[in-house]
Amino acid sequence: MYSTTALAKNPKFTGRIMGTHQQLDQSARKVLTRYLPKGKYFPTAKDILHFEGARGPDGLKRKSPDDDDPSHMFDDEHKEDLKRQIFDHHYNLVQALKKKNQVRAAFEAAWLAHKVTDALTPAHHFPLSEAKDELMSNKEFVKIFGEPIKGIMHGNSFAETARNNWLYWGAGGHMSKHIAYEYGVTIIAAALPRKSLIPEMDRLEFSNVGPKKVLEDALSSIDIPSMYARFRNEGWTTELALETKNVLLPEIVRAIVLMWYSAAVEAYGLERKETRKKVHESK
């Protein structure tokens, strides 16, 4: 999903124009407020959004040299790498909360939420990197005025380069479809009131939470690869748009909330207290 301001070079604009990541984070932080015990610190939505846009993973992607980039994809080749990133950010968030390091906590909360969203984004389940590698028949970057240019599919001849770039960037190309899907989700999310992004949750969901369980439950809650396969075959349909609005986006918010909450549980030792409260309420 796009955070929209990742391309802005002026940092004062980052986070001010709401992209999908920012909207999901704000919705998740609002839900977390209902369930986090009073007096337990967690970064505010404003602090979390400070590390989105140009200061977030999308900004890193823009500024990196395309060498050993942390993956945003959840295809077979990269899913273990993205899982590792999620669990690393979760661990770092726990440590920051324990040490009352508010800046680091806000950074880790933002990047954790971003990576969880990436893992649950249907377009990220398609093997885009594999398709790109196949079209880069010449593995050296095309250079303009001596500077390597990312994103150009370099062939062994001019004709092959033109053909490969059309298959990647042209109408119906791999990257064109990827961009069209993510901007479609951005438009859907932008048109929704905040309450439409918030899932119905009860206190039982907050018992025995952990990062691995949260991610596994989220991935199994909807057939994510099927959603993108339908988009590639049919484009944006009313059915797919409604499924995105009513199922996908709220499920991503749910996963972010539970991932953040599980970090607070581990940092503050809330599990025993919350379990006793659940038993008491059930009686």
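Visitor: What is the handedness of the crossing of H4 and H5?

Guide: In this predicted model, H4 and H5 cross in a left-handed way.

Visitor: Why is H4 called roughly antiparallel to H5?

Guide: Helix H4 (residues 79-98) and helix H5 (residues 102-119) pack at an angle of about 155°, with 8 Å between their axes. Angles over 145 degrees count as roughly antiparallel, so H4 is roughly antiparallel to H5.

Visitor: What makes up the contact of H4 with H5, by class?

Guide: Residues of H4 including Leu82, Ile86, Leu93 and Leu97 meet residues of H5, among them Ala105, Trp111, Leu112 and Val116. By class, the contact has eleven nonpolar, four polar and four charged residues.

Visitor: Why is the aromatic pair of Tyr181 and Tyr228 called edge-to-face?

Guide: The ring centres are 5.5 Å apart, with 90° between the planes. Tyr181 lies in helix H8 and Tyr228 in helix H11, so the pair ties together parts 47 residues apart in sequence.

Visitor: How do you know whether Tyr181 is buried or exposed?

Guide: Buried means under 20% relative accessible area. Tyr181 has 0% relative accessibility, so Tyr181 counts as buried. Tyr228, at 2%, is buried too.

Visitor: What makes Phe206 and Tyr261 an edge-to-face pair?

Guide: Their centres lie 4.9 Å apart and the planes are at 85°, which is over the 60 degrees for edge-to-face. Phe206 lies in the loop between helix H9 and helix H10, and Tyr261 in helix H12, so this pair ties together parts 55 residues apart in sequence. Both residues, Phe206 and Tyr261, are buried.

How values were computed
Residues are numbered from 1 along each chain as its sequence is written. This is a predicted model: local features need pLDDT of at least 70, side-chain atom pairs count only at pLDDT 80 or more; totals for chains, interfaces and linings use all residues. Side-chain values use heavy atoms; hydrogens and water are left out. Axes are lines fitted to C-alpha atoms, for helices over the stretch in contact, and angles run from 0 to 180 degrees between N-to-C directions. Helices (H or I, at least four residues) and strands (E, at least two) are DSSP runs, numbered from the N terminus. Angles under 35 degrees count as roughly parallel, over 145 as roughly antiparallel, 65 to 115 as roughly perpendicular and the rest as oblique. A crossing is left-handed if the near helix is turned anticlockwise from the far one by less than a right angle, and right-handed if clockwise. Contact means heavy atoms within 4.5 Å. Ala, Val, Leu, Ile, Met, Phe, Trp, Tyr, Cys and Pro count as nonpolar, Asp, Glu, Lys and Arg as charged, and the others, Gly among them, as polar. Rings of Phe, Tyr and Trp (its six-membered ring) pair if their centres lie within 6.5 Å; planes under 30 degrees apart count as stacked, over 60 as edge-to-face and the rest as tilted. Buried means under 20% relative accessible area, exposed over 50%, partly exposed in between (1.4 Å probe, protein chains only).
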